[in-house]
Amino acid sequence: RFLAFVDDFAEEHAQQFVPRPGGEHDLRDYEVHQRYQRLFESRVEAWLREKGCSYAAFVAAAQNSESLAADISDELLAVSDFQAFVQMMHGRR
């Protein structure tokens, strides 16, 4: 499964994402999010290279909501949003 690394990453790091008063986060949370972004982006880029796809082809495929590219696109957008990432990590605790 392409996105299995998401589960592995969340298992390793989710416990550190403890809800705090006022929704504040420490620097470590932001650093984990940045590592996740880099990991996810590198996986997508490798997958595109393996499939012989260009970025333009990926964007076109992402417009089809039934495709794997659309799933990856949605996850990639969520990865770029720190609050969405925190919610994902809280859901994995």
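This is a predicted model: local features need pLDDT of at least 70, side-chain atom pairs count only at pLDDT 80 or more; totals for chains, interfaces and linings use all residues.
1. In all, the structure holds six aromatic pairs. In the pair of tyrosine 36 and phenylalanine 40, the ring centres are 6.2 Å apart and the planes meet at 45 degrees, so the pair is tilted.

2. Tyrosine 36 has a further ring partner. With phenylalanine 85 it forms a tilted aromatic pair, at 5.1 Å centre to centre and with 35 degrees between the planes. This pair links distant parts of the chain, since tyrosine 36 is in helix α2 and phenylalanine 85 in helix α5, 49 residues apart. Are these two residues buried or exposed? Tyrosine 36 has a relative accessibility of 1%, so it counts as buried, the cut-off being under 20%. Phenylalanine 85, with a relative accessible area of 2%, is buried as well.

3. Phe5, Phe9, Phe17, Tyr36, Phe40 and Phe85 form one aromatic cluster.

4. Which residues touch the most other members of the largest nonpolar core? In this core of 20 residues, they are Val6, Phe17, Tyr36, Phe40, Phe85, Met88 and Met89. Helices α1 (4-13), α2 (27-51) and α5 each supply at least two residues of this core. The biggest contribution is that of α2, with six residues. As general background, nonpolar side chains in soluble globular proteins tend to be buried together.

5. Now look along helix α5 (residues 82-91). Here Phe82, Phe85, Val86, Met88 and Met89 are buried. Why do these residues lie on the same side of α5? They cover an arc of only 160 degrees around the axis, and that puts them on the same side of the helix. The face of α5 turned away from its buried side carries the exposed residues Gln87 and Gly91. At the start of α5, a side-chain oxygen of aspartate 81 comes to within 3.1 Å of the backbone nitrogen of glutamine 83.

6. Valine 32 is another residue of helix α2 to click on. Its relative accessibility is 2%, so valine 32 counts as buried. Not counting residues up to four places away in sequence, valine 32 touches Phe9, His13, Gln16, Phe17 and Phe85. Take one of these, phenylalanine 17: in sequence it is 15 residues from valine 32, and in space the two are 9.8 Å apart, C-alpha to C-alpha.

7. Histidine 25 deserves a visit of its own. Where is it found? Histidine 25 is in the loop between α1 and α2. With a relative accessible area of 18%, histidine 25 is still buried, because the cut-off is under 20%. What lies around its polar side-chain atoms? The backbone oxygen of glycine 23 is 3.3 Å from a polar atom of the side chain of histidine 25. A polar contact of 3.3 Å also joins the side chains of histidine 25 and aspartate 29. Not counting residues up to four places away in sequence, histidine 25 touches Arg20, Tyr30, Phe82, Gln83 and Val86. Among these, Phe82 and Val86 are buried residues of α5.

8. For the overall picture, the protein has five helices and zero strands. From the N terminus on, its elements run α-α-α-α-α. Buried residues make up 34% of the 93 residues. Among contacts between residues at least 6 apart in sequence, 67% join residues at least 24 apart.

9. Finally, how confident is the predictor? The mean pLDDT of the protein is 82, and 81% of its residues reach 70 or more. Which elements have the lowest and the highest mean pLDDT? The lowest value, 65, belongs to helix α4 (residues 68-79), and the highest, 90, to α1.

Methods
Residues are numbered from 1 along each chain as its sequence is written. Side-chain values use heavy atoms; hydrogens and water are left out. Buried means under 20% relative accessible area, exposed over 50%, partly exposed in between (1.4 Å probe, protein chains only). Helices (H or I, at least four residues) and strands (E, at least two) are DSSP runs, numbered from the N terminus. The arc is that of the directions from the helix axis to the C-beta atoms. A polar contact is a pair of N or O atoms within 3.5 Å; within protein, one must be able to donate a hydrogen and the other to accept it, and residues adjacent in sequence count only if both atoms are side-chain atoms. A nonpolar core is a set of buried Ala, Val, Leu, Ile, Met, Phe, Trp, Tyr and Cys residues joined through side-chain atoms within 4.5 Å. Rings of Phe, Tyr and Trp (its six-membered ring) pair if their centres lie within 6.5 Å; planes under 30 degrees apart count as stacked, over 60 as edge-to-face and the rest as tilted. Contact means heavy atoms within 4.5 Å. pLDDT is the predictor's confidence in each residue, from 0 to 100.
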